[in-house]
Amino acid sequence: MSSTLQTQQTGQALWQAAVQAGYPAAIWRLPNHSERELIIDASGTVSTVAMDFEELPMGFAVSPFINPDAEQTLFLKADFYWRFDENGTILAAEHKHTDKHPALDALFHPAPATARKETIPAIQILGPSGEQQAQFEKTVAQAIRQMERGKFRKVVLSRTKTIQFDEQPDVLMLFNRLCKAYPNAFVSAVYLPERNQIWLGATPERLVSMDTDGIFRTVALAGTQSAFDSEGRPKRPADAPWTQKEIEEQALVGRYIIGCFKKIRIREYIEEGPRTVVAGNLMHLRSDYSVDMQAVNFPQLGTVMLRLLHPTSAVCGMPREAAQEFILQSETHDRELYSGFLGPVNIFRNEGPESHLFVNLRCMKLEGQEGTLYAGAGLTEDSVPAKEWRETELKCDTLLSVVTKS
Ligand SMILES: C=C(O[C@@H]1C=C(C(=O)O)C=C[C@H]1O)C(=O)O
């Protein structure tokens, strides 16, 4: 490890160097943490792996929505790893390669980082059109009819919103703004050179976490309302009114998780909630589940549960197969990595490795100057099409308000 590197590089310069040289890179900040972590895969390509926490090295996983048994998961190896504090001071660094690696030239002697643009480039909203809104609402009505006929009980329908930046946005600046705006979200930016994409997001939904103490965690998150009242004042979470539709919708996600525990005969889980949680401009209902993996003597619990859980009924529906079929038939866009999962795997912190996978929500795919925002809404028999559209608008705003405000 080079000492020059430790003192002179900043997250900004390293990220820029990786992107300019075409090396896969991921930067993230865990919920309620201040440290940022950055990895670079020096192979230059992202591999496709089966998600197995016991087998995988230290890295960052990214999964598409469609990923049966999590066997087609993209994986960025942590050939280079740094941890920074809020001000960019390096707290820890770990490198698998020596000074001979060609990646080093690009990373450690980068072209001077272009001056930080303090202002965000202007954007134009390219879509959706009124026609797309009408189409979305028509599909909601179709889903309601199918649910009335008993085809499925819940389905999550999504849509996109396309924006065009007037010039290339500074991704690290947007990342830092998201970290500041949403302290309790998982904030990340992932550069995938083969796809020529950067995915940026601030998600409120944990899918599978395992900390150094061997505690497994997951959540049931659903139900959405604005975090502000009609006069724009923040609502008190404890006073948030939830309708029967939303309570039922969240309960379905919880039941699905408990069903997964039952399948593998885990009875010793702790369930807390549901309670109202704030996620930026929104509020949701959330129940938390945890299992002490040592106490149940089940070290593979994370891997097994991930395969059973994804995609949960928070992003797909229930029963899963029928809901997924409806999504694939009715949505007019490819979800790609939206509503998949992403996060650090086997990152060594303190005493041992930790893994934290989140559902890829409140995210934007950036291709050059074009950004695609994704948002979905959980539909049940009691859904009202116009309200579901409004909900997806609010979900797009979580990211949009941060990437456009100057
Ligand atoms: C599907 C999304 O969010 C999910 C759906 C929710 C809902 O239907 O109320 C709430 C939180 C998330 O589990 C999204 O943000 O795109």
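Trainee: What makes the lining of the largest pocket count as 11 nonpolar, seven polar and nine charged residues?

Mentor: This is a predicted model. Each lining residue is sorted by type: Asp, Glu, Lys and Arg count as charged, and Gly falls among the polar ones. On that basis the largest pocket has 11 nonpolar, seven polar and nine charged residues in its lining.

Trainee: Why is this space called a pocket, and what is its volume?

Mentor: A pocket is an open set of points, whereas a cavity is one the 1.4 Å probe cannot get out of. The largest pocket has a volume of about 460 Å³. It has 27 lining residues, with P31, N32, N184, R206 and R286 the closest to its centre.

Trainee: Which strand gives the most to that lining?

Mentor: Strand 14, with five residues. Strand 13, strand 15 (282-292) and strand 19 (352-359) also give two or more residues each.

Trainee: How many cavities of 30 Å³ or more does the structure hold?

Mentor: Four. The largest cavity contains about 190 Å³ of space. Among its 21 lining residues, A314, L361, R362, G376 and K395 are the closest to the centre.

Trainee: Which element gives the most to the lining of the largest cavity?

Mentor: Strand 21, with five residues. Helix 9 (385-404) is one of the other elements that supply at least two.

Trainee: How do you know that R362 lines the second largest cavity?

Mentor: Lining residues have an atom within 4 Å of a point. R362 is listed in that lining, along with residues including Y182, N184 and T398, so R362 meets the cut-off. The second largest cavity holds about 50 Å³ of space.

Technical notes:
Residues are numbered from 1 along each chain as its sequence is written. This is a predicted model: local features need pLDDT of at least 70, side-chain atom pairs count only at pLDDT 80 or more; totals for chains, interfaces and linings use all residues. Side-chain values use heavy atoms; hydrogens and water are left out. On a 1 Å grid over the protein atoms alone, a cavity is a set of points where a 1.4 Å probe fits but cannot get out, and a pocket is an open set with protein on both sides within 12 Å along at least five of seven lines; lining residues have an atom within 4 Å of a point. Grid points are joined across faces, edges and corners, and a volume is the space filled by probe spheres set on the points. Helices (H or I, at least four residues) and strands (E, at least two) are DSSP runs, numbered from the N terminus.
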